[in-house]
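Biologist: Please pick one part of this model and take me through it closely, starting from what it pairs with and moving on to what surrounds it. I'd like the cut-offs spelled out as you go.

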Amino acid sequence: MAGEPQADCLFCKIVAREVPATIVRETETTVAFRDINPQAPTHVLIIPKVHYQDAAALAAAEPQIVADILRESREVAAEEKVEDRGYRVVFNTGAGAGQTVFHAHLHVLGGRGLQWPPG
Ligand code: 5GP
Ligand code: ZN
């Protein structure tokens, strides 16, 4: 069922503490942890605890949780002290946009200059 944990999903396993991760924040609806292959000095992923394959599916079913994730991105940026220099939040949505893990997640990138467009 939509939203239920998926046995073969890496990020559901991180939520369940079955796969280790460096968790930096947790709320009732979200978990934030460091990306294993950071692309910037700060690279944190914020995920819903419920399983949806991407941000579009999450937004359709649980828009309040999208708001929770964005609120958390502000907290992460403040804790990481990347607000002044600027930071980027990204939902890669679909394989063609670079999505490789099909449990919705927001990237929070900062701590270095970031080019736009990203390519
Ligand atoms: P995507 O390409 O789907 O937008 O982002 C997936 C992200 O998950 C990548 O940046 C990748 O480095 C990260 N990732 C993949 N496997 C793991 C893992 O086991 N632990 C953590 N912390 N991050 C992971
Ligand atoms: Zn999942």
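Modeller: Happy to! Two strands pair if DSSP finds at least two bridges between them, where strands (E, at least two residues) and helices (H or I, at least four residues) are DSSP runs numbered from the N terminus. Residues are numbered from 1 along each chain as its sequence is written, while chains are lettered from A and ligands numbered from 1 in the order in which they are written. This is a predicted model, in which local features need pLDDT of at least 70, side-chain atom pairs count only at pLDDT 80 or more, and totals for chains, interfaces and linings use all residues. On pLDDT, the predictor's confidence in each residue from 0 to 100, the protein averages 97, and 99% of the residues score at least 70. The model's ipTM is 0.99 and its pTM 0.98.

The part I would pick is strand β2, residues 30-34. On one side, β2 pairs with strand β1 (residues 23-26) in the antiparallel sense, over 3 bridges. One of the bridges sets Glu 26 against Val 31 in β2. The two strands make a hairpin, with 3 residues between them.

β2 also runs antiparallel to strand β3 (residues 42-48), joined to it by 5 bridges. Here Thr 30 has Pro 48 in β3 as its bridge partner, and Ala 32 stands opposite Ile 46 in β3.

Zooming out, β2 belongs to an open sheet of 5 strands in the order β1-β2-β3-β5-β4, with antiparallel pairing. At the edges stand β1 and β4 (87-90), each with a single partner strand, so one side of each is left without a neighbour in the sheet. Neighbouring strands are turned by 20 degrees against each other on average, direction ignored. For such angles, axes are lines fitted to C-alpha atoms, for helices over the stretch in contact, and values run from 0 to 180 degrees between N-to-C directions.

Helix α3 (residues 63-80) lies across β1, β2, β3, β4 and β5 (106-110), at about 155 degrees to β3. How enclosed is β2 by the rest of the structure? β2 is largely enclosed, because 4 of its 5 residues are buried. A residue is buried if 20 or more other C-beta atoms, placed from the backbone, lie within 10 Å of its own, exposed if 12 or fewer, and partly exposed in between.

Val 44 is buried, because it has 29 C-beta neighbours inside 10 Å. Two residues are in contact if their C-beta atoms, placed from the backbone, lie within 7 Å. Leaving aside neighbours within four places in sequence, Val 44 is in contact with Val 24, Ala 32, Phe 33, Arg 34, Asp 35, Val 76 and Val 108.

For contrast, Gly 98 sits in the loop between β4 and β5. Gly 98 is exposed, because 12 other C-beta atoms lie within 10 Å. Gly 98 and Glu 28 are 70 residues apart in sequence and 28 Å apart in space, C-alpha to C-alpha.
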